[in-house]
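Subject: Structure handover

Hi there,

Here is the structure I promised to pass on. Please have it open while you read, as my notes follow below.

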Amino acid sequence: MVGIVVEDVVKYREQRYAIKFCAKLNKSLADTNQMIKEPYGDSALSYSQVSRWLNLFKNGREEVEDDLRSGRPSSSKSDENVSRVRKLLNSDRRMSVRMIAQTISISKTTVHDIVRVNLQMRKVAAAPRQHSQPYRSVRPGVPGQAQLGNVTPTPVQS
């Protein structure tokens with residue numbers, strides 16, 4: 001249910017209650033699906049989801065809530081890591097996302113998410129641009145770089 005807002009979760013829960021009621025009345029899948037589609041329209045559960053829930057309720061399930069999913073919990077965006085990123089940025093605002101990720105041993109993507117979402121920052125460090133050699137050689141007044149010097153203009157031919 002990635003990207004689903006709270007309103008949708010409530011609608012889905014309501015629909016599962018309706019499916020449970022249809023299961024108690026021993027309604028068919030086609031009838032139950034039609035009964036769900038009528039009031040909910042485009043936001044109704046899919047046919048396969050209606051089928052799945054109807055079978056679960058007919059086989060004795062009582063809970064309308066989704067089961068907890070197994071799997072590895074997201075621990076990288078923990079409060080501890082947010083605090084560690086905040087401390088690093090407070091100590092040196094010029095640290096890059098890559099440097100922070102290497103320092104605290106979490107992925108660059110996670111650091112970027114923490115900086116953007118949790119710390120609500122748009123930029124971490126501005127890195128100087130690396131220009132090509134021909135561009136560097138014609139930039140007057142930049143210390144440590146070649147100057148134009150004795151360049152004679154080429155005449156324009158008409």
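This is a predicted model: local features need pLDDT of at least 70, side-chain atom pairs count only at pLDDT 80 or more; totals for chains, interfaces and linings use all residues.

A word on terms before anything else: a residue is called buried at under 20% relative accessible area, exposed at over 50%, and partly exposed in between, using a 1.4 Å probe and protein chains only.

Residues are numbered from 1 along each chain as its sequence is written, and side-chain values use heavy atoms, with hydrogens and water left out.

On confidence, pLDDT is the predictor's own score for each residue, from 0 to 100. The protein has a mean pLDDT of 79, with 70% of its residues at 70 or more. Helix α3 (residues 47–58) has the highest confidence, at a mean of 95, and helix α7 (residues 133–137) the lowest, at 55.

Now the overall picture. Helices (H or I, at least four residues) and strands (E, at least two) are DSSP runs, numbered from the N terminus. The protein has 7 helices and 0 strands. With contact meaning heavy atoms within 4.5 Å, 50% of the contacts between residues at least 6 apart in sequence join residues at least 24 apart.

In α4, the buried residues are Asn 81, Val 82, Val 85, Leu 88 and Leu 89. Viewed down the axis of α4, they fall within an arc of 130 degrees, so they line one face of the helix; the arc is that of the directions from the helix axis to the C-beta atoms. The other side of α4 has Asp 79, Glu 80, Lys 87, Asn 90 and Ser 91 exposed. Both α5 and α6 are among what covers the buried residues of α4.

Helix α5 (residues 97–104) buries Val 97, Ile 100, Ala 101 and Ile 104. These cover an arc of only 100 degrees around the axis, which puts them on the same side of α5. As a reminder, an α-helix has 3.6 residues a turn, so residues three or four places apart point the same way. The buried residues of α5 pack against α4 (79–91) and α6 (108–118). After α5 comes Ser 105, with a positive phi near 60 degrees.

Best wishes
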